[in-house]
Amino acid sequence: MLSLIIWAPLVGALIVLCLPKEKVTAIQAVSFIAAGVSLVASLVMLRAFDADSAAMQFVERLPWIPSLNVNYSLGADGLSYPLVLLTTFMCVIALVGSLGIEKRVKEYFFWFLVLETGMLGVFVALDFILFYVFWELTLVPMYFLIGVWGGPKREFAAIKFFLYTLTGSVFMFLGLLAMYFKGGNTFDILQLMQLGPTWEPRFQILVFLALYLGLAVKIPAAPFHTWLPLAHVEAPTPISVILAAVLLKMGVYGLLRFCYQILPGGFQWFLPYLVLIAVINIVYGALCAMAQTDMKKMVAYSSVNHMGYCLLGIAGMSAAGFTGAVFQMVTHGIITGALFLLVGVVYDRAHTRDISAFGGLALKTPVYAGLMFLTCFASLGLPGLAGFVGEFMCFLGAFPMWKWHAAVSVLGIIATAAFFLRMMQKVFLGTFNEKWAGIEDMTVRELVSVVPLAVLTVWFGVYPTWPLSLMNKTIAAMLGK
(Lines give C-alpha, C1' and ligand atoms only; values in the text may rest on other atoms or scores of the structure.)
Protein backbone atom coordinates (compact mmCIF):
# COMPACT_ATOMS: atom_id res chain seq x y z
CA MET A 1 0.00 0.00 0.00
CA LEU A 2 2.82 2.42 0.80
CA SER A 3 4.43 1.77 -2.57
CA LEU A 4 1.12 2.57 -4.25
CA ILE A 5 0.88 5.84 -2.34
CA ILE A 6 4.43 6.86 -3.22
CA TRP A 7 4.67 5.80 -6.83
CA ALA A 8 1.17 6.65 -8.13
CA PRO A 9 2.11 10.34 -8.54
CA LEU A 10 5.34 9.40 -10.35
CA VAL A 11 3.44 7.13 -12.73
CA GLY A 12 1.04 10.03 -13.33
CA ALA A 13 4.02 12.32 -13.98
CA LEU A 14 5.38 9.95 -16.63
CA ILE A 15 1.97 9.74 -18.30
CA VAL A 16 1.74 13.55 -18.29
CA LEU A 17 5.17 13.65 -19.92
CA CYS A 18 3.88 11.51 -22.78
CA LEU A 19 0.80 13.67 -23.44
CA PRO A 20 0.84 16.50 -26.03
CA LYS A 21 1.17 19.88 -24.35
CA GLU A 22 -2.01 21.08 -26.08
CA LYS A 23 -4.10 18.50 -24.16
CA VAL A 24 -4.40 20.66 -21.06
CA THR A 25 -7.59 19.03 -19.79
CA ALA A 26 -6.11 15.53 -20.14
CA ILE A 27 -2.94 16.62 -18.33
CA GLN A 28 -4.97 18.03 -15.45
CA ALA A 29 -7.18 14.94 -15.31
CA VAL A 30 -4.23 12.53 -15.17
CA SER A 31 -2.64 14.64 -12.42
CA PHE A 32 -5.80 14.58 -10.33
CA ILE A 33 -6.22 10.82 -10.83
CA ALA A 34 -2.60 10.15 -9.79
CA ALA A 35 -2.78 12.36 -6.69
CA GLY A 36 -6.28 11.05 -5.96
CA VAL A 37 -5.05 7.44 -5.97
CA SER A 38 -2.47 8.37 -3.33
CA LEU A 39 -5.07 10.15 -1.23
CA VAL A 40 -7.61 7.32 -1.42
CA ALA A 41 -4.93 4.71 -0.66
CA SER A 42 -3.75 6.68 2.38
CA LEU A 43 -7.36 6.91 3.62
CA VAL A 44 -7.92 3.18 3.02
CA MET A 45 -4.85 2.52 5.19
CA LEU A 46 -6.66 4.27 8.01
CA ARG A 47 -8.94 1.27 8.46
CA ALA A 48 -5.96 -1.07 8.83
CA PHE A 49 -3.80 1.30 10.91
CA ASP A 50 -3.56 0.09 14.51
CA ALA A 51 -3.51 3.22 16.68
CA ASP A 52 -2.85 1.08 19.78
CA SER A 53 0.48 -0.13 18.42
CA ALA A 54 3.76 1.77 18.44
CA ALA A 55 5.40 -0.64 15.98
CA MET A 56 6.12 0.12 12.34
CA GLN A 57 3.15 -0.92 10.21
CA PHE A 58 2.65 -1.70 6.50
CA VAL A 59 6.34 -2.61 6.31
CA GLU A 60 7.72 -3.42 2.85
CA ARG A 61 11.29 -4.64 2.40
CA LEU A 62 13.14 -5.70 -0.74
CA PRO A 63 16.88 -5.90 -1.55
CA TRP A 64 17.96 -2.88 -3.60
CA ILE A 65 21.78 -2.68 -3.62
CA PRO A 66 22.86 -5.89 -1.82
CA SER A 67 26.57 -5.16 -2.11
CA LEU A 68 26.14 -2.06 0.09
CA ASN A 69 23.38 -3.57 2.25
CA VAL A 70 20.89 -1.01 0.91
CA ASN A 71 17.23 -2.03 0.87
CA TYR A 72 13.96 -0.72 -0.46
CA SER A 73 12.37 -0.50 2.97
CA LEU A 74 9.15 1.34 3.84
CA GLY A 75 6.96 1.61 6.93
CA ALA A 76 4.64 3.95 8.80
CA ASP A 77 3.80 4.58 12.45
CA GLY A 78 2.04 7.23 14.52
CA LEU A 79 4.75 9.78 13.70
CA SER A 80 4.87 9.35 9.93
CA TYR A 81 1.33 8.26 9.03
CA PRO A 82 -0.38 11.57 9.98
CA LEU A 83 2.17 13.37 7.78
CA VAL A 84 1.41 10.98 4.89
CA LEU A 85 -2.28 11.84 5.24
CA LEU A 86 -1.43 15.55 5.36
CA THR A 87 0.75 15.28 2.23
CA THR A 88 -1.72 13.39 0.05
CA PHE A 89 -4.59 15.66 1.11
CA MET A 90 -2.72 18.96 0.64
CA CYS A 91 -1.39 17.87 -2.76
CA VAL A 92 -4.95 17.36 -4.02
CA ILE A 93 -5.93 20.76 -2.56
CA ALA A 94 -2.92 22.40 -4.23
CA LEU A 95 -3.84 20.75 -7.55
CA VAL A 96 -7.25 22.41 -7.35
CA GLY A 97 -5.43 25.71 -6.87
CA SER A 98 -3.18 24.82 -9.82
CA LEU A 99 -6.08 24.80 -12.29
CA GLY A 100 -5.41 28.51 -12.79
CA ILE A 101 -1.88 27.81 -14.14
CA GLU A 102 -1.76 28.74 -17.83
CA LYS A 103 1.99 28.84 -18.56
CA ARG A 104 3.68 25.55 -19.61
CA VAL A 105 0.94 23.46 -18.03
CA LYS A 106 2.45 20.09 -18.96
CA GLU A 107 5.80 20.80 -17.34
CA TYR A 108 4.16 22.29 -14.23
CA PHE A 109 2.02 19.23 -13.47
CA PHE A 110 4.92 16.89 -14.23
CA TRP A 111 7.17 18.56 -11.68
CA PHE A 112 4.33 18.82 -9.17
CA LEU A 113 3.72 15.06 -9.23
CA VAL A 114 7.44 14.30 -8.96
CA LEU A 115 7.57 16.59 -5.92
CA GLU A 116 4.69 14.69 -4.30
CA THR A 117 6.52 11.39 -4.75
CA GLY A 118 9.63 12.80 -3.07
CA MET A 119 7.74 14.23 -0.11
CA LEU A 120 5.80 11.02 0.54
CA GLY A 121 8.96 8.92 0.30
CA VAL A 122 10.73 11.00 2.94
CA PHE A 123 8.07 10.18 5.55
CA VAL A 124 7.96 6.41 5.03
CA ALA A 125 11.53 5.42 4.06
CA LEU A 126 13.20 3.06 6.55
CA ASP A 127 16.56 2.93 4.79
CA PHE A 128 18.82 5.98 4.97
CA ILE A 129 19.90 5.85 1.32
CA LEU A 130 16.28 5.55 0.21
CA PHE A 131 15.41 8.43 2.53
CA TYR A 132 18.24 10.54 1.12
CA VAL A 133 17.15 9.83 -2.47
CA PHE A 134 13.62 11.04 -1.69
CA TRP A 135 14.97 14.01 0.29
CA GLU A 136 17.04 15.16 -2.67
CA LEU A 137 14.24 14.35 -5.10
CA THR A 138 12.18 17.19 -3.62
CA LEU A 139 14.93 19.68 -4.47
CA VAL A 140 14.78 19.65 -8.27
CA PRO A 141 10.98 19.95 -8.75
CA MET A 142 10.77 22.78 -6.24
CA TYR A 143 13.65 24.57 -7.96
CA PHE A 144 11.83 24.53 -11.30
CA LEU A 145 8.37 25.22 -9.84
CA ILE A 146 9.69 28.40 -8.21
CA GLY A 147 12.18 29.33 -10.94
CA VAL A 148 9.81 28.98 -13.92
CA TRP A 149 6.34 29.78 -12.54
CA GLY A 150 7.29 32.22 -9.78
CA GLY A 151 7.28 36.00 -9.48
CA PRO A 152 9.70 38.70 -10.66
CA LYS A 153 12.63 37.47 -8.50
CA ARG A 154 11.91 33.80 -9.10
CA GLU A 155 15.38 32.85 -10.37
CA PHE A 156 17.12 34.31 -7.33
CA ALA A 157 14.58 32.72 -4.96
CA ALA A 158 14.98 29.31 -6.63
CA ILE A 159 18.78 29.42 -6.56
CA LYS A 160 18.83 30.53 -2.92
CA PHE A 161 16.45 27.71 -1.96
CA PHE A 162 18.52 25.18 -3.90
CA LEU A 163 21.90 26.25 -2.47
CA TYR A 164 20.68 26.40 1.14
CA THR A 165 19.04 22.98 0.96
CA LEU A 166 21.87 21.34 -0.97
CA THR A 167 24.50 22.67 1.44
CA GLY A 168 22.59 21.26 4.39
CA SER A 169 22.13 17.95 2.58
CA VAL A 170 25.90 17.56 2.10
CA PHE A 171 26.43 17.65 5.87
CA MET A 172 23.52 15.27 6.35
CA PHE A 173 25.08 12.81 3.90
CA LEU A 174 28.37 12.89 5.83
CA GLY A 175 26.43 12.05 8.98
CA LEU A 176 24.71 9.14 7.24
CA LEU A 177 28.08 7.76 6.09
CA ALA A 178 29.48 8.04 9.63
CA MET A 179 26.53 6.06 11.00
CA TYR A 180 26.85 3.48 8.21
CA PHE A 181 30.42 2.59 9.13
CA LYS A 182 29.89 2.92 12.88
CA GLY A 183 26.81 0.69 12.75
CA GLY A 184 28.47 -2.21 10.95
CA ASN A 185 27.74 -1.23 7.35
CA THR A 186 23.98 -0.78 7.58
CA PHE A 187 21.67 1.99 6.45
CA ASP A 188 18.65 0.34 8.09
CA ILE A 189 16.99 3.02 10.23
CA LEU A 190 15.35 0.56 12.64
CA GLN A 191 18.68 -1.19 13.26
CA LEU A 192 20.43 2.14 13.81
CA MET A 193 17.76 3.08 16.36
CA GLN A 194 18.94 0.09 18.39
CA LEU A 195 22.65 0.75 17.89
CA GLY A 196 22.81 4.55 18.08
CA PRO A 197 22.18 5.00 21.83
CA THR A 198 25.18 2.75 22.58
CA TRP A 199 27.67 4.95 20.70
CA GLU A 200 30.05 7.21 22.62
CA PRO A 201 28.70 10.75 23.34
CA ARG A 202 31.32 12.58 21.25
CA PHE A 203 30.43 10.60 18.12
CA GLN A 204 26.71 11.14 18.73
CA ILE A 205 27.22 14.90 19.09
CA LEU A 206 29.23 15.20 15.86
CA VAL A 207 26.76 13.15 13.82
CA PHE A 208 23.83 15.00 15.41
CA LEU A 209 25.29 18.32 14.28
CA ALA A 210 25.78 16.99 10.74
CA LEU A 211 22.17 15.80 10.53
CA TYR A 212 20.84 18.93 12.24
CA LEU A 213 22.43 21.24 9.66
CA GLY A 214 20.53 19.46 6.91
CA LEU A 215 17.26 19.38 8.82
CA ALA A 216 17.46 22.93 10.21
CA VAL A 217 17.49 24.42 6.72
CA LYS A 218 14.20 22.70 5.91
CA ILE A 219 12.45 23.54 9.22
CA PRO A 220 13.63 26.42 8.85
CA ALA A 221 15.41 27.09 12.14
CA ALA A 222 17.24 30.34 12.78
CA PRO A 223 19.65 31.39 11.36
CA PHE A 224 18.96 29.20 8.30
CA HIS A 225 15.49 30.64 7.68
CA THR A 226 16.30 33.48 5.28
CA TRP A 227 15.51 31.48 2.11
CA LEU A 228 11.91 30.85 3.18
CA PRO A 229 10.23 34.30 2.93
CA LEU A 230 11.74 34.94 -0.50
CA ALA A 231 10.78 31.47 -1.77
CA HIS A 232 7.22 31.91 -0.51
CA VAL A 233 6.78 35.35 -2.01
CA GLU A 234 8.10 34.35 -5.43
CA ALA A 235 6.51 30.88 -5.66
CA PRO A 236 3.12 30.47 -7.35
CA THR A 237 0.30 30.15 -4.82
CA PRO A 238 -0.17 26.32 -4.99
CA ILE A 239 3.57 25.79 -4.50
CA SER A 240 3.59 28.14 -1.51
CA VAL A 241 0.84 25.92 -0.10
CA ILE A 242 2.96 22.77 -0.53
CA LEU A 243 6.10 24.50 0.73
CA ALA A 244 4.38 25.58 3.96
CA ALA A 245 2.10 22.58 4.45
CA VAL A 246 4.52 19.72 3.76
CA LEU A 247 8.11 20.65 2.91
CA LEU A 248 8.83 22.41 6.22
CA LYS A 249 7.56 19.37 8.12
CA MET A 250 10.31 17.19 6.69
CA GLY A 251 12.87 18.92 8.91
CA VAL A 252 10.91 18.53 12.16
CA TYR A 253 10.08 14.92 11.23
CA GLY A 254 13.80 14.17 10.75
CA LEU A 255 14.62 15.79 14.08
CA LEU A 256 12.22 13.44 15.89
CA ARG A 257 12.85 10.32 13.83
CA PHE A 258 16.63 10.41 13.46
CA CYS A 259 18.24 12.93 15.81
CA TYR A 260 16.18 11.92 18.85
CA GLN A 261 15.69 8.20 18.24
CA ILE A 262 19.15 7.33 16.90
CA LEU A 263 21.35 9.92 18.63
CA PRO A 264 19.76 10.59 22.06
CA GLY A 265 23.12 11.61 23.54
CA GLY A 266 23.68 14.28 20.90
CA PHE A 267 20.06 15.37 21.18
CA GLN A 268 20.35 15.79 24.96
CA TRP A 269 23.58 17.78 24.58
CA PHE A 270 21.95 20.12 22.04
CA LEU A 271 18.75 20.75 24.07
CA PRO A 272 19.80 24.12 25.60
CA TYR A 273 20.65 25.40 22.11
CA LEU A 274 17.49 23.90 20.58
CA VAL A 275 15.18 25.66 23.02
CA LEU A 276 17.04 28.95 22.43
CA ILE A 277 16.60 28.54 18.66
CA ALA A 278 12.90 27.77 19.28
CA VAL A 279 12.45 31.03 21.21
CA ILE A 280 14.25 33.00 18.47
CA ASN A 281 12.04 31.42 15.80
CA ILE A 282 8.89 32.21 17.74
CA VAL A 283 9.63 35.80 18.74
CA TYR A 284 11.78 36.92 15.81
CA GLY A 285 9.47 35.26 13.26
CA ALA A 286 6.43 37.02 14.73
CA LEU A 287 8.17 40.41 14.90
CA CYS A 288 9.36 40.09 11.30
CA ALA A 289 5.83 39.20 10.23
CA MET A 290 4.54 42.29 12.02
CA ALA A 291 6.90 44.48 10.01
CA GLN A 292 5.65 43.24 6.61
CA THR A 293 3.32 45.10 4.25
CA ASP A 294 3.10 42.19 1.78
CA MET A 295 0.44 39.71 2.94
CA LYS A 296 2.27 36.70 1.51
CA LYS A 297 5.55 37.64 3.14
CA MET A 298 3.71 38.14 6.42
CA VAL A 299 2.27 34.62 6.25
CA ALA A 300 5.73 33.29 5.30
CA TYR A 301 7.31 34.76 8.44
CA SER A 302 4.40 33.39 10.47
CA SER A 303 5.59 29.93 9.34
CA VAL A 304 9.00 30.62 10.90
CA ASN A 305 7.13 31.53 14.07
CA HIS A 306 4.94 28.41 14.05
CA MET A 307 7.82 26.03 13.39
CA GLY A 308 9.37 27.54 16.52
CA TYR A 309 6.45 26.15 18.53
CA CYS A 310 7.28 22.68 17.19
CA LEU A 311 10.91 23.07 18.30
CA LEU A 312 9.78 24.34 21.71
CA GLY A 313 7.54 21.31 22.19
CA ILE A 314 10.33 18.93 21.17
CA ALA A 315 12.77 20.62 23.57
CA GLY A 316 10.38 19.83 26.42
CA MET A 317 11.20 16.11 26.12
CA SER A 318 7.68 15.19 27.25
CA ALA A 319 4.72 13.34 25.77
CA ALA A 320 2.67 16.55 25.65
CA GLY A 321 5.49 18.43 23.91
CA PHE A 322 6.24 15.76 21.32
CA THR A 323 2.55 15.16 20.57
CA GLY A 324 1.98 18.89 20.40
CA ALA A 325 4.84 19.28 17.93
CA VAL A 326 3.43 16.60 15.61
CA PHE A 327 -0.12 17.98 15.93
CA GLN A 328 1.22 21.49 15.30
CA MET A 329 2.86 20.24 12.09
CA VAL A 330 -0.47 18.91 10.85
CA THR A 331 -2.58 21.91 11.84
CA HIS A 332 0.00 24.41 10.60
CA GLY A 333 -0.08 22.66 7.23
CA ILE A 334 -3.86 22.97 7.03
CA ILE A 335 -4.14 26.54 8.35
CA THR A 336 -1.17 28.11 6.55
CA GLY A 337 -2.06 26.26 3.34
CA ALA A 338 -5.47 27.93 3.53
CA LEU A 339 -3.88 31.32 4.24
CA PHE A 340 -1.69 31.14 1.14
CA LEU A 341 -4.67 30.11 -1.00
CA LEU A 342 -6.67 33.04 0.37
CA VAL A 343 -3.85 35.52 -0.25
CA GLY A 344 -3.72 34.13 -3.81
CA VAL A 345 -7.43 34.87 -4.22
CA VAL A 346 -7.01 38.61 -3.66
CA TYR A 347 -3.76 38.73 -5.66
CA ASP A 348 -5.43 37.16 -8.71
CA ARG A 349 -7.98 40.00 -8.68
CA ALA A 350 -5.98 43.02 -7.53
CA HIS A 351 -2.45 42.00 -8.63
CA THR A 352 -1.12 43.40 -5.38
CA ARG A 353 -0.64 41.97 -1.90
CA ASP A 354 0.03 45.30 -0.20
CA ILE A 355 -1.98 45.43 3.03
CA SER A 356 -2.41 49.22 2.87
CA ALA A 357 -3.79 49.08 -0.70
CA PHE A 358 -7.17 47.76 0.41
CA GLY A 359 -9.89 48.67 2.88
CA GLY A 360 -13.46 47.60 3.58
CA LEU A 361 -13.28 44.50 1.37
CA ALA A 362 -15.70 42.64 3.65
CA LEU A 363 -18.52 44.69 2.11
CA LYS A 364 -17.86 43.36 -1.40
CA THR A 365 -16.44 39.91 -0.58
CA PRO A 366 -18.21 38.62 2.55
CA VAL A 367 -17.47 34.94 1.90
CA TYR A 368 -13.80 35.65 1.32
CA ALA A 369 -13.62 37.83 4.41
CA GLY A 370 -15.33 35.19 6.56
CA LEU A 371 -12.90 32.46 5.50
CA MET A 372 -9.90 34.75 5.96
CA PHE A 373 -11.08 35.75 9.44
CA LEU A 374 -11.56 32.10 10.43
CA THR A 375 -8.11 31.10 9.15
CA CYS A 376 -6.32 34.07 10.73
CA PHE A 377 -7.97 33.42 14.09
CA ALA A 378 -6.88 29.77 13.84
CA SER A 379 -3.30 30.77 13.03
CA LEU A 380 -3.05 33.16 15.98
CA GLY A 381 -4.18 30.34 18.29
CA LEU A 382 -7.78 31.21 19.16
CA PRO A 383 -9.32 28.47 21.38
CA GLY A 384 -11.85 26.33 19.55
CA LEU A 385 -9.79 26.28 16.35
CA ALA A 386 -7.03 23.89 15.31
CA GLY A 387 -4.09 26.24 15.90
CA PHE A 388 -4.76 26.50 19.64
CA VAL A 389 -4.45 22.78 20.45
CA GLY A 390 -0.93 22.28 19.06
CA GLU A 391 0.43 25.53 20.53
CA PHE A 392 -1.10 24.79 23.94
CA MET A 393 0.42 21.28 24.03
CA CYS A 394 3.84 22.59 22.96
CA PHE A 395 3.83 25.12 25.81
CA LEU A 396 2.44 22.54 28.22
CA GLY A 397 5.24 20.11 27.31
CA ALA A 398 8.02 22.69 27.44
CA PHE A 399 7.07 24.60 30.60
CA PRO A 400 8.25 22.08 33.25
CA MET A 401 11.80 22.05 31.85
CA TRP A 402 12.09 25.52 30.26
CA LYS A 403 9.92 27.91 32.28
CA TRP A 404 11.62 31.18 31.28
CA HIS A 405 11.95 30.19 27.66
CA ALA A 406 8.24 29.32 27.52
CA ALA A 407 7.37 32.61 29.22
CA VAL A 408 9.38 34.65 26.69
CA SER A 409 7.83 32.66 23.82
CA VAL A 410 4.38 33.90 24.84
CA LEU A 411 5.46 37.24 23.33
CA GLY A 412 5.32 35.48 19.97
CA ILE A 413 1.62 34.72 20.47
CA ILE A 414 0.91 38.37 21.30
CA ALA A 415 2.83 39.58 18.25
CA THR A 416 1.07 37.01 16.04
CA ALA A 417 -2.32 38.26 17.20
CA ALA A 418 -1.18 41.84 16.55
CA PHE A 419 -0.09 41.37 12.93
CA PHE A 420 -3.09 39.24 11.94
CA LEU A 421 -5.57 41.65 13.54
CA ARG A 422 -3.83 44.59 11.88
CA MET A 423 -4.05 42.88 8.50
CA MET A 424 -7.75 42.05 8.95
CA GLN A 425 -8.53 45.61 10.03
CA LYS A 426 -6.69 47.28 7.14
CA VAL A 427 -7.86 44.93 4.39
CA PHE A 428 -11.43 44.07 5.34
CA LEU A 429 -12.76 46.72 7.75
CA GLY A 430 -13.14 50.47 7.67
CA THR A 431 -14.06 52.62 4.66
CA PHE A 432 -14.32 50.75 1.38
CA ASN A 433 -11.63 51.65 -1.17
CA GLU A 434 -13.57 52.49 -4.36
CA LYS A 435 -10.58 51.43 -6.44
CA TRP A 436 -11.77 47.84 -5.93
CA ALA A 437 -15.45 48.47 -6.73
CA GLY A 438 -15.41 45.73 -9.38
CA ILE A 439 -13.81 43.06 -7.20
CA GLU A 440 -15.69 39.75 -7.05
CA ASP A 441 -16.13 37.22 -4.28
CA MET A 442 -14.61 33.73 -4.38
CA THR A 443 -15.27 31.42 -7.32
CA VAL A 444 -16.40 27.80 -7.03
CA ARG A 445 -12.86 26.53 -7.72
CA GLU A 446 -11.43 28.72 -4.97
CA LEU A 447 -14.11 27.59 -2.52
CA VAL A 448 -13.44 23.93 -3.35
CA SER A 449 -9.79 24.40 -2.42
CA VAL A 450 -10.32 26.42 0.80
CA VAL A 451 -13.57 25.15 2.37
CA PRO A 452 -12.24 21.62 3.17
CA LEU A 453 -9.31 23.23 5.01
CA ALA A 454 -11.70 25.50 6.93
CA VAL A 455 -13.81 22.49 7.94
CA LEU A 456 -10.73 20.63 9.23
CA THR A 457 -9.60 23.78 11.08
CA VAL A 458 -12.84 23.83 13.05
CA TRP A 459 -13.06 20.04 13.46
CA PHE A 460 -9.52 19.62 14.81
CA GLY A 461 -10.03 22.61 17.09
CA VAL A 462 -13.26 21.33 18.62
CA TYR A 463 -12.49 17.60 18.55
CA PRO A 464 -8.74 16.87 18.24
CA THR A 465 -9.10 13.36 19.69
CA TRP A 466 -8.98 11.54 16.35
CA PRO A 467 -5.66 12.91 15.02
CA LEU A 468 -4.10 12.76 18.49
CA SER A 469 -5.12 9.11 18.88
CA LEU A 470 -3.02 8.23 15.80
CA MET A 471 0.11 9.66 17.44
CA ASN A 472 -0.16 8.87 21.16
CA LYS A 473 1.19 5.31 21.30
CA THR A 474 4.16 6.04 19.05
CA ILE A 475 5.10 9.18 20.99
CA ALA A 476 4.83 7.32 24.30
CA ALA A 477 7.07 4.54 22.98
CA MET A 478 9.64 7.07 21.73
CA LEU A 479 9.84 8.53 25.22
CA GLY A 480 9.97 5.09 26.83
CA LYS A 481 6.67 5.50 28.65
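User: What is the relative accessibility of lysine 182?
Analyst: Lysine 182 stands at 34% relative accessibility, so it counts as partly exposed (buried is under 20%, exposed over 50%, partly exposed in between, with a 1.4 Å probe and protein chains only). This is a predicted model, where local features need pLDDT of at least 70, side-chain atom pairs need 80 or more, and totals for chains, interfaces and linings use all residues. Residues are numbered from 1 along each chain as its sequence is written, and side-chain values use heavy atoms, without hydrogens or water.

User: Which residue forms a salt bridge with lysine 182?
Analyst: Glutamate 200 does, and the closest N and O atoms are 2.8 Å apart (a salt bridge needs a Lys or Arg side-chain nitrogen within 4 Å of an Asp or Glu carboxyl oxygen). Lysine 182 belongs to helix 7 and glutamate 200 to the loop between helix 8 and helix 9 (201-218), so the pair ties together parts 18 residues apart in sequence. Helices (H or I, at least four residues) and strands (E, at least two) are DSSP runs, numbered from the N terminus. Glutamate 200 counts as partly exposed, at 39% relative accessibility.

User: How many salt bridges does the structure hold?
Analyst: Seven. One of them joins the side chains of aspartate 188 and arginine 61, at 2.6 Å from N to O. That pair links distant parts of the chain, 127 residues apart: arginine 61 is in strand 1, and aspartate 188 is in the loop between helix 7 (154-182) and helix 8 (189-195).

User: Aspartate 188, buried or exposed?
Analyst: Aspartate 188 is buried, with a relative accessible area of 6%.

User: Why is strand 2 largely enclosed by the rest of the structure?
Analyst: Because seven of the seven residues of strand 2 (residues 70-76) are buried. Both of its faces are covered: one side has Val70, Tyr72, Leu74 and Ala76, and the other has Asn71, Ser73 and Gly75.

User: New topic. How many aromatic pairs are there?
Analyst: A search of the whole structure finds 41 aromatic pairs. One of them is tyrosine 180 with phenylalanine 187, which is stacked at 4.1 Å centre to centre with 15 degrees between the planes. Rings of Phe, Tyr and Trp (its six-membered ring) pair if their centres lie within 6.5 Å; planes under 30 degrees apart are stacked, over 60 edge-to-face, the rest tilted. Tyrosine 180 and phenylalanine 187 are both buried.

User: What about phenylalanine 419 and phenylalanine 420?
Analyst: Their ring centres are 4.7 Å apart and their planes are at 45 degrees, so that pair is tilted. Phenylalanine 419 and phenylalanine 420 are both buried.

User: Which residues form an aromatic cluster?
Analyst: One cluster is formed by Phe208, Tyr212, Tyr260, Phe267, Trp269, Phe270, Tyr273 and Phe322.
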